[in-house]
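Work through the exercises below with the sequence and the structure in view. Each task is followed by its solution.

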Amino acid sequence: MKVIDTDLLSVQEARILLEEAYHSRENLLEVDKKTRAYLLGKIKKYYDENLEKLTKLAFDETNYGKSEDELRLAKFYLDNLDEELRDYPQIFDVVERGHNKEVALAKGVSLIFIAPYLSTLTSFQAIYLATRAANPVIIVSDSRCKQTVTKMVKDIIKIEDELYYPKGSLSILEYGSKLGERTLYESDKVSFIVENILSDNKREIKNENAQVFEAEVGNNIVFIDKSCDVDKASYEVINSKAFNNGLLPGVEQSIVVEENVYEKTVESFKKHGAYFLSKDEHVELEKIIYDKDHKVRKELIGRTVKEIADIAGIKVDDDTKILVVTKPYVSETSPYSKEKYNPIVSLYIENDWLNACEKCVELILNDKKGQSLSIYSNDSYVIEQFIEKKPVSRVLVNSPTGLGSVGIGTNLPISFSLSTKKIDGSNQTSLSPNHFMKFREIGICDRDDINSFLNKKEIEKDKNLFSKVLNSLNKDY
């Protein structure tokens with residue numbers, strides 16, 4: 001019998017990938033802009049031509065979400081990609097921020113963890129943005145979607161090889177193990193880490209040399225105010241929550257409704273495909289979806305409402321889109337008050353917007369994963385109070401959190417990895433091209449010479465020196 005030490009193989013592979021990625025950095029900087037743009041076009045074309053096959057493979061492997069929804073989302077991203085990136089700098093571009101000037105530089109080796117939902121889309125976005133910034137990238141896939149992501153990465157590596165692109169610029173950890181992953185994320189060769197992982201699987205990443213972007217679905221809240229268009233709010237929230245069977249970053253988890261419009265909201269929710277669970281039904285459902293530690297059972301993530309209801313013995317119509325659990329208060333022990341990976345929302349009723357405001361804060365702080373909050377309202381004062389006082393990364397106005405947070409129908413960046421925290425050098429909590437670059441301030445004496453300040457005789461200087469330096473930095477790399 002042949003015994004394979006997976007941990008040893010994984011650690012060895014991780015070390016090789018790190019060495020190759022680290023040594024490819026300088027070679028990547030020598031690739032001219034035209035060649036890099038040509039490669040990006042080839043990667044985009046590959047993803048576009050293989051979208052249906054890849055999303056189907058991912059669904060067959062994970063059984064999470066809906067392949068047709070990921071396909072629709074991916075097509076939206078590809079259609080808008082060029083326009084989306086137009087305002088972002090590329091490496092060696094000079095950026096003006098007020099009176100300051102900065103140069104955009106490659107950040108270095110990027111380590112990307114891929115979650116088992118929207119796996120092909122998040123892989124494409126990370127690879128595309130890292131390549132655009134001339135960063136080597138190492139992919140670590142969740143075991144549940146590993147075959148699909150590995151195929152995708154190897155296909156793109158083949159495209160790079162055909163263009164004689166530097167070896168080690170893209171790779172994937174094939175022998176997965178906790179020790180191998182730790183070898184990667186603790187390495188001082190890594191500069192940037194995207195931790196796109198289910199919350200129950202989060203690593204304790206400690207790396208003083210790397211910035212960490214902690215992506216998650218989030219415990220996101222919607223407040224329905226008495227002044228809003230209730231039918232619009234109900235339709236958008238239900239369809240956003242149902243999209244990909246509840247697996248969108250920023251997706252709705254809890255709804256807080258003002259008492260004056262509660263009955264109207266319930267009626268509208270039912271009209272648009274919501275089923276309200278009785279107390280006995282949601283207690284029974286909780287036993288099935290979650291284990292004794294209140295962790296979601298992985299095999300029931302991203303299932304349809306009908307599948308979940310059938311398993312729990314609950315009879316719902318075939319066209320039911322979401323399940324609603326009405327709760328009187330927020331509970332630290334109830335999984336319904338936290339991040340959920342199914343088309344299930346909890347609903348809370350409050351007397352007025354002030355009490356609703358407190359309820360939203362309570363929900364946000366319940367598991368510290370409140371990245372997005374949406375308010376449906378036509379009262380400018382109430383909207384202002386929610387924007388100013390809620391401890392979240394983003395507030396959406398008259399837009400669902402799920403679809404709105406990923407940039408559909410809003411001015412937010414189109415992104416499928418969202419965080420609750422900003423990292424140094426970027427003011428965005430949606431993964432963007434700027435996360436893959438570092439920005440260095442440039443200071444050149446273009447006013448009075450320092451010698452004048454020191455009462456020394458002023459020396460002759462080149463008045464156009466600043467412009468010359470900036471022009472040389474803006475080189476065709």
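**Exercise 1. Describe the largest cavity.**

Step 1. The volume of the largest cavity is about 80 Å³. A cavity is a set of points on a 1 Å grid over the protein atoms alone where a 1.4 Å probe fits but cannot get out, and lining residues have an atom within 4 Å of a point. Points are joined across faces, edges and corners, and a volume is the space filled by probe spheres set on them.

The model is predicted: local features need pLDDT of at least 70, side-chain atom pairs count only at pLDDT 80 or more, and totals for chains, interfaces and linings use all residues. Residues are numbered from 1 along each chain as its sequence is written, and side-chain values use heavy atoms, with hydrogens and water left out.

Step 2. Of the 13 residues lining the largest cavity, Ala 58, Thr 62, Tyr 64, Glu 70 and Leu 118 lie nearest its centre.

Step 3. Helix H3 (51-62) and helix H4 (67-85) each supply at least two lining residues, and H3 has the largest share, four residues. Helices (H or I, at least four residues) are DSSP runs, as are strands (E, at least two), numbered from the N terminus.

Step 4. By class, this lining has six nonpolar, five polar and two charged residues. Ala, Val, Leu, Ile, Met, Phe, Trp, Tyr, Cys and Pro count as nonpolar, Asp, Glu, Lys and Arg as charged, and the others, Gly among them, as polar.

**Exercise 2. Which elements line the second largest cavity?**

Step 1. This cavity has a volume of about 50 Å³. Its lining includes Tyr 77, Glu 84, Gln 125 and Pro 413.

Step 2. H4 and helix H5 (119-132) give two or more residues each, and the largest share, three residues, comes from H4.

Step 3. The lining divides into eight nonpolar, two polar and one charged.

**Exercise 3. Describe the largest pocket.**

Step 1. The largest pocket holds about 390 Å³ of space. A pocket is an open set of points with protein on both sides within 12 Å along at least five of seven lines.

Step 2. Among its 19 lining residues, Ser 141, Ser 177, Lys 178, Glu 181 and Arg 203 are the closest to the centre.

Step 3. Strand S3 (109-114), strand S4 (137-141) and helix H7 (178-185) each supply at least two residues of the lining. H7 gives the most, with four residues.

Step 4. The lining residues divide into seven nonpolar, six polar and six charged.
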